[in-house]
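Hi there,

Here is the model I promised to pass on. Have a look first, and my notes follow below.

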Amino acid sequence: MEKVLVFGHKSPDTDSICSTLAMANLQTKLRGEEVIPYRLGELNEETKYALKTFEVEEPQTLTSVDENCDVALVDNNEFSQSVSGIEKAHVKMVVDHHKIKLETVEPIYFITEPLGCTCTILYKLYKQNEVDIDSQTAGLMLSAIISDTLLFKSPTCTEQDKEIA
Ligand code: MN
Ligand code: MN
C-alpha cells in the first residue's frame, strides 16, 4: 500500500490543521491506504484549544519531503507556503479554497471551491462519498469554519459555510 502524507501550509492556522486531520480520516476510509496527517510548524493557541476540546492528538511535524513521497495538500496550493522538497514530491491531491497557484507535472485530483474554509469543502466530499463524520472530526471541522470565517463575518464567508457549520 502506498503511503500518502497530508499537510497544510507553513505557520498552520486552525483550518490547515483541522482540514489535514479531516482529509487524512476521509482518504484513509476511502482509499484503504495509509494516509498520514502532518503539520508544518507550531500550532497556535486557538488550534491547540480545538484539538484539546475534541480530544484529538496534534499531528507530527514534517520538515521535508523527497521524490519518494506521495502527498496531498490542503488549505494551500502554493509551493512557497509548503514543506522543503515539495518540488520533488508527487502531489497527488489538493483540496483548497485559495486562488490557484499550482502547476503539476502529472494529472491530479484538484478540488477547489470559492468557499470560506477548506473544511466546508471537505464536508461536501464526505457527503458525496457517503462517509460518516465522527463527532471528533465534526468538531474540528466546525472549529476550522468558525476560525476561517471569523465567526461568519469574513468577506469570504458564504451561505454554504454557515449552513454546513
Ligand atoms: Mn489557512
Ligand atoms: Mn483556510
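A word on terms first: buried means under 20% relative accessible area, exposed means over 50%, and partly exposed lies in between (1.4 Å probe, protein chains only). This is a predicted model, in which local features need pLDDT of at least 70 and side-chain atom pairs count only at pLDDT 80 or more, while totals for chains, interfaces and linings use all residues. Residues are numbered from 1 along each chain as its sequence is written, chains are lettered from A and ligands numbered from 1 in the order in which they are written, and side-chain values use heavy atoms, with hydrogens and water left out.

Now to the metals. Donors here are N, O and S atoms within 2.8 Å of the metal (3.2 Å for Na, K and Ca); water is not among the atoms, so sites may look incomplete.

The manganese ion (ligand 1) has His9 (NE2), Asp13 (OD) and Asp75 (OD) as protein donors, at 2.1 to 2.3 Å. Their spacing along the chain is H-x3-D-x61-D. Aspartate 13 counts as partly exposed because its relative accessibility is 22%, whereas aspartate 75 is buried at 0%.

Aspartate 148, like aspartate 75, is buried.

What bridges the two manganese ions, ligand 1 and ligand 2? Aspartate 75 does, and the ions lie 3.6 Å apart.

Happy modelling!
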